Amino acid sequence: MRLESSISLLFASLWLFGASGEEGAVCLKILLTNDDGYETVFTNTLFEYLRDKTCHQVVMAAPKGGQSGKSAAIDLFSPVEVGNPSPGVYFADTTPYTATLYGLDVVLPSLGMDSPDLVISGPNEGWNIGIGSLNSGTVAAAASAMQRGLPAIAVSGSLYDTGSKNVKEAALVIAELTVKLVETKLVDEDGGLILAGGQGLNINIPSITNDDTGFVGAVDNYTFKLTKIGSAPISIGSKFFEDMGESPLVQALAGSVLNGLPGLAIVFPYTAAGYPLDADPNSEGNAIGPVLDITGDRSGEEPLYVVTVSPMEYTLETPASELVQKAFSNPKSDSSSSSSSSSKSSKRGKAAKSNKSPKRKRGKTGDAD
């Protein structure tokens, strides 16, 4: 029997029948994916930790390379390069959304495996918070699993940690925090997962390292807080510029290279890009932290840093507002408006056009999503 076949058979056996963990431990079947590529340190560290330090069974199916910001983009009717560079690790040269489906539709069945108990997307190299989560390939990969009726979580770490001299230590703490969340918060007393099919969580972990102070966080430095996604990011917002040189952040990061060129850039604060202020303290962008200064203390004790945990679903569905309900609550208004449309249109040629815009109804700051 070929070595590859033997390894695949071993993975399938472990997946189907579980493994002997500590007494009373709940062993989950986990599909791991991301949007940064299968070789990134955060995701590989979590894969190895799940494989070597827990009883959970894990298979990775992730993009071949970086696919950040691709959201739910798909490669439809397009040939995709796939590979299996090491046992339990698979890649597809495609978007995060499509790579997750590759794992669900091809990889797991090829190993004789049924559906996973949980899909974990990440940990991402950078936070996916508030308005930024809509563009996230990490969040979209989790959403692709939720659309299939599976529970999923999107996990994101700090971009600062990826450039730290202690990045490996940071990646290990992120992996430990992710497993701690799953095992202590997402599994109930009866050993069942509290997330139903189609439900998920968006999780953002504050910085683990600070090279200026030499700080390297430990798992016990961090606490989990139930939040909501909201709209508040950490600080920046996207804005299209006719001349990207007009963006102070572009000037700071790229100098004059982009001067005179149109394109999307970022501005600080996010409200300067036209986004409304989200002042709700329970929105993840306002609750995570501290994120830039992690040197504080609690009367000589190690500080606690907030890991935000925000419920999410794959759908864009939302309840109709009272005004929308009112507009569609009277069927008679449809016929009456159509009968008067001809008379109104005849008057338009005689009346001067108005430049006034309709008044926009805005929700109150801090309204629940």
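In which sense do S10 and S13 pair, and over how many bridges? In this predicted model, S10 and S13 run in the parallel sense and are joined over 5 bridges. Within this pairing, Leu-226 stands opposite Val-309 of S13. Strand S13, which spans residues 305-313, also pairs with strand S7, residues 199-204. The S7 and S13 strands are antiparallel and are joined by 6 bridges. Here Asn-202 has Ser-310 of S13 as its bridge partner. S13 is mostly covered, with 7 of its 9 residues buried.

Strand S1, residues 29-33, was examined in the same way. Of its 5 residues, 5 are buried, so the strand is largely enclosed by the rest of the structure. The burial applies to both faces of S1: Lys-29, Leu-31 and Thr-33 lie on one side, and Ile-30 and Leu-32 lie on the other. S1 pairs with strand S2, residues 57-63, in the parallel sense over 4 bridges. Helix H2, residues 41-53, forms a right-handed β-α-β unit together with S1 and S2. S1 also pairs with S5, again in the parallel sense and over 4 bridges. In this second pairing, Leu-31 stands opposite Val-119 of S5.

Strand S5 also takes part in the lining of a pocket. The second largest pocket has a volume of about 810 Å³. It is lined by 26 residues, of which Trp-127, Gly-132, Pro-233, Ile-234 and Ile-236 are the closest to its centre. At least two lining residues come from each of strand S5 (118-125), helix H5 (159-162) and strand S11 (237-241). When the lining of this pocket is sorted by class, 11 residues are nonpolar, 13 are polar and 2 are charged.

Salt bridges were also located. Side chains of opposite charge can pair when their charged atoms come close. Across the whole structure, 5 salt bridges are found. One of them joins Lys-64 and Glu-81, with the closest N and O atoms 2.9 Å apart. Although 17 residues separate the two in the chain, both Lys-64 and Glu-81 belong to the loop between S2 and strand S3 (82-86). Lys-64 is partly exposed, at a relative accessible area of 34%, and Glu-81 is likewise partly exposed, at 40%.

A salt bridge also forms between the side chains of Asp-105 and Arg-148, with an N to O distance of 2.7 Å. This pair links distant parts of the chain, 43 residues apart. Asp-105 is in helix H3 (residues 96-110), whereas Arg-148 is in the loop between helix H4 (137-147) and strand S6 (152-157). Asp-105 counts as partly exposed because its relative accessibility is 41%, a value between the limits of 20% and 50%. Arg-148, at 44% relative accessibility, counts as partly exposed too.

The side chains of Lys-228 and Asp-280 meet in a further salt bridge, at 3.3 Å from N to O. These two residues are 52 positions apart and link distant parts of the chain. Lys-228 lies in the loop between strand S10 (222-226) and S11, and Asp-280 lies in the loop between strand S12 (263-267) and helix H8 (284-287). Lys-228 has a relative accessibility of 14%, which is under 20%, and therefore counts as buried. Asp-280 also has 14% relative accessibility and counts as buried.

The relative accessible area of Leu-249 is 27%, and the residue is partly exposed. Leu-249 and Ile-266 are 17 residues apart in sequence, and their C-alpha atoms are 6.8 Å apart in space.

Notes. Residues are numbered from 1 along each chain as its sequence is written. This is a predicted model: local features need pLDDT of at least 70, side-chain atom pairs count only at pLDDT 80 or more; totals for chains, interfaces and linings use all residues. Side-chain values use heavy atoms; hydrogens and water are left out. On a 1 Å grid over the protein atoms alone, a cavity is a set of points where a 1.4 Å probe fits but cannot get out, and a pocket is an open set with protein on both sides within 12 Å along at least five of seven lines; lining residues have an atom within 4 Å of a point. Grid points are joined across faces, edges and corners, and a volume is the space filled by probe spheres set on the points. Ala, Val, Leu, Ile, Met, Phe, Trp, Tyr, Cys and Pro count as nonpolar, Asp, Glu, Lys and Arg as charged, and the others, Gly among them, as polar. Buried means under 20% relative accessible area, exposed over 50%, partly exposed in between (1.4 Å probe, protein chains only). Two strands pair if DSSP finds at least two bridges between them. A crossover is right-handed if, with the strands pointing away from the viewer, the path from the first strand over the helix to the second runs clockwise. A salt bridge is a side-chain nitrogen of Lys or Arg within 4 Å of a carboxyl oxygen of Asp or Glu.
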